[in-house]
Amino acid sequence: MSEELKGLLEFLQEGKTSFHAVNKIAELLKEEGYQELAEHQTWKIEAGAKYFTTRNNSSLIAFEIPRSGYKGFQIVASHSDSPTFKLKEKEEIIEGGKYTRINVEGYGGMIVSAWFDRPLSVAGRIVTAKDNQVTVSYVDINRDLMMIPNLAIHMNRDVNNGYKYNLKKDLIPVIGSEATSGDLLKELASLAKVSPLDIVGKDLYLYNREEGKVWGARNEYFSAPRIDNLECAYTTLLGFLKAKKQNISLYCVFDNEEVGSATKQGAGSTFLADVLTRITIALGLSKEEELRMLADSFMVSADNAHALHPNYPEKADTTNRVYLNEGIVIKHNANQKYTTDGVSRGIFKGIMNQAKIKVQDYANPSDMPGGSTLGNISNTKVSLNTIDIGLPQLAMHSPYESAGVADVKTMIEAMKAFFETQVCHKSNNDYNISMFLC
């Protein structure tokens with residue numbers, strides 16, 4: 001197993017929630033010499049230095065300022081969240097029988113049938129108030145804690161005939177006997193070293209406990225939880241860290257993509273715009289200079305794509321099909337669910353050609369509307385040339401997804417090449433892409 005794949009599988013295992021994924025990314029950035037900036041404090045930024053900041057501790061933006069020669073911003077963005085179940089504020093259900101169950105609601109669009117009969121646990125954050133101070137603690141029970149048991153086929157003969165699941169009834173996990181009521185809150189409080197009586201708020205999520213595994217006749221595939229979209233978050237980070245950057249370079253991870261991005265920490269927020277403005281202010285640039293730089297900027301929105309499913313080839317487009325282990329996926333949509341257009345594809349394809357990196361093109365079948373991603377949403381706040389890309393995978397939005405081993409290294413090399421190639425205008429309708437300064 002390559003070091004890149006080993007690192008990815010470890011990251012997928014640690015990134016149980018957006019909070020935990022961003023915390024791990026912050027650790028990796030600090031190891032590489034990136035200094036943390038807090039949004040509520042004054043920023044002092046120097047050319048030649050490296051920084052990062054977080055919002056809600058579930059979104060993060062890192063950036064590096066070259067000493068000279070930069071003309072614009074080069075940005076890569078992915079997201080930290082995955083479909084799951086969120087615990088409700090009053091989470092226990094005790095009624096009638098001898099079980100304690102946990103009341104949950106769906107977060108994002110998921111394949112609900114795949115959540116049954118798997119060992120699950122709980123992670124997230126709890127908020128405590130004591131002595132006029134509110135404190136946030138991040139918690140992970142990290143053991144086989146609960147399960148959503150299937151109803152036996154003898155009692156549900158339609159389960160294999162297109163059964164419609166009811167999240168309120170069918171998807172309620174069992175945590176223990178009636179005697180265990182209150183144990184979950186006590187265990188969470190113990191992890192945070194606080195009293196259960198001091199807990200005043202919480203954002204807690206279920207996660208699949210199964211670890212990632214490599215499989216296939218030649219070990220060419222792997223499966224794990226949260227491949228969408230932590231695979232892009234991790235591989236774009238490694239490419240960002242490895243690159244000798246030309247322009248002002250930003251690595252972004254946004255939360256809440258799976259529920260529309262319209263939150264204070266989502267791609268639809270002011271987070272990216274705020275960071276870009278604070279960078280230009282700290283560098284002593286005017287608003288006019290910032291707007292000129294944005295016009296000479298380029299963004300890669302990285303979110304995984306649907307590989308052709310071998311059992312359902314009719315679900316793929318006739319000519320724009322993508323496959324595992326065959327390169328970076330460029331995503332297209334006429335209705336702008338993806339931001340890719342002729343210019344952004346041409347610029348990105350030119351960079352990939354220079355680096356000898358394979359790309360493949362994806363489009364939904366014309367009679368099947370697809371999902372959207374964060375690129376077009378982010379562009380409503382910061383308008384710049386953007387392309388939507390990803391890595392091909394199967395079983396998207398299952399709690400256990402599959403992808404190609406070779407694609408991991410491909411994305412790392414692609415992002416390294418992107419950040420090492422300065423993109424800027426040559427004239428109003430022409431662009432330079434060069435390893436040297438434009």
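How are α7 and α9 oriented to each other: roughly parallel or roughly perpendicular? Helix α7 (residues 342–355) and α9 pack at an angle of about 110 degrees, with 9 Å between their axes; the two helices are therefore roughly perpendicular to each other, a term that covers 65 to 115 degrees. This is a predicted model, in which local features need pLDDT of at least 70, side-chain atom pairs count only at pLDDT 80 or more, and totals for chains, interfaces and linings use all residues. Residues are numbered from 1 along each chain as its sequence is written, and side-chain values use heavy atoms, with hydrogens and water left out.

**The sheet**
- Five strands (DSSP E runs of at least two residues) form an open sheet in the order β11-β12-β20-β19-β15, with mixed pairing.
- Its edge strands, β11 (213–215) and β15 (305–306), each pair on one side only; pairing requires at least two DSSP bridges between two strands.
- β15 and β19 (residues 392–394) run parallel and are joined by two bridges.
- P392 in β19 is the bridge partner of A305.

**Helices on the sheet**
- Helix α4 (residues 227–242; helices are DSSP H or I runs of at least four residues) packs on the sheet and touches β12 (221–224), β19 and β20 (401–404), contact meaning heavy atoms within 4.5 Å.
- The direction of α4 makes about 35 degrees with that of β20, where angles run from 0 to 180 degrees between N-to-C directions of axes fitted to C-alpha atoms, for helices over the stretch in contact.
- Helix α9 (residues 405–420) also packs on the sheet, touching β11, β12, β19 and β20, at about 65 degrees to the direction of β20.

**The contact of α7 with α9**
- F348, I351, M352 and A355 of α7 meet A414, M415, A417 and F418 of α9.

Key:
Angles under 35 degrees count as roughly parallel, over 145 as roughly antiparallel, 65 to 115 as roughly perpendicular and the rest as oblique.
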